Amino acid sequence: MPDGGDPGTVRPGGRTARVRESVLRAAEDALTEQGFTGLDLADVARRAGVGKTTVYRRWGTVTGLVADLLEDMAEQSAPRTETGSLLGDLTANARLVLRTLTDPRQGPLFKALIAAATGDEKTAAALHRFYDIRVREWAPCVRQAVERGEVPEGTDAHEVVRAVSAPLYYHLLISGVRLDEALADRAAGAAVTAARAGAYVTDRGRKT
């Protein structure tokens, strides 16, 4: 295992970085096509054009590979948008989530990862870390809204950001309703309305 790190955690450049990129893209393809249950390290190695021993030595297990894939996805996600208003910021967030979930590659990939997380604790932990990174990226938009007086003191920024994407994931996974910009904009608007009314004022929010 390189540098004594956990599987999939090393970030050197050069050939190692190119191998990681190839393997992660191959893992995306396999997950999209076959789901988590069909994910196999040997098949990923074949798709990536690298040796099986390289994949097994670096990632060790399927869950180790999935964890690294989710970390890479979090790193590659677009940074937050700051428009000067909470509604503008959260609408930008909702539309970013929308673009991801309706992307012909990313949408099926997220479905596969979420399905895997329901039955595998390590994959679930990796998925939780991914969303925590994304929520923390956008939380400052809410804190700035508190400073501007748009929403009450004590508003829990993390809960507000989660409230924006939750309806979109619900419709993706449960209702089957088509995701579009109107739906994304309503999700953002509802989160802002609730935040202004104090719905997300919590003890945690008061401490941040």
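Reply: The largest pocket is lined by 28 residues. Nearest its centre lie V97, F130, Y131, R134 and Y169. This is a predicted model: local features need pLDDT of at least 70, side-chain atom pairs count only at pLDDT 80 or more, and totals for chains, interfaces and linings use all residues. Residues are numbered from 1 along each chain as its sequence is written, and side-chain values use heavy atoms, with hydrogens and water left out.

A pocket here is an open set of points on a 1 Å grid over the protein atoms alone, where a 1.4 Å probe fits, with protein on both sides within 12 Å along at least five of seven lines; lining residues have an atom within 4 Å of a point. The volume is about 670 Å³, taken as the space filled by probe spheres set on the points, which are joined across faces, edges and corners.

By class, the lining has 14 nonpolar, six polar and eight charged residues. Ala, Val, Leu, Ile, Met, Phe, Trp, Tyr, Cys and Pro count as nonpolar, Asp, Glu, Lys and Arg as charged, and the others, Gly among them, as polar.

F130 also belongs to an aromatic pair (ring centres within 6.5 Å; planes under 30 degrees apart are stacked, over 60 edge-to-face, the rest tilted). The F110 and F130 ring centres are 5.6 Å apart with planes at 55°, so the pair is tilted. F110 sits in α6 and F130 in α7, 20 residues apart.

Key. Phe/Tyr/Trp six-rings, centres within 6.5 Å; stacked < 30°, edge-to-face > 60°. Helix = DSSP H or I, 4+ residues; strand = E, 2+ residues; numbered from the N terminus.
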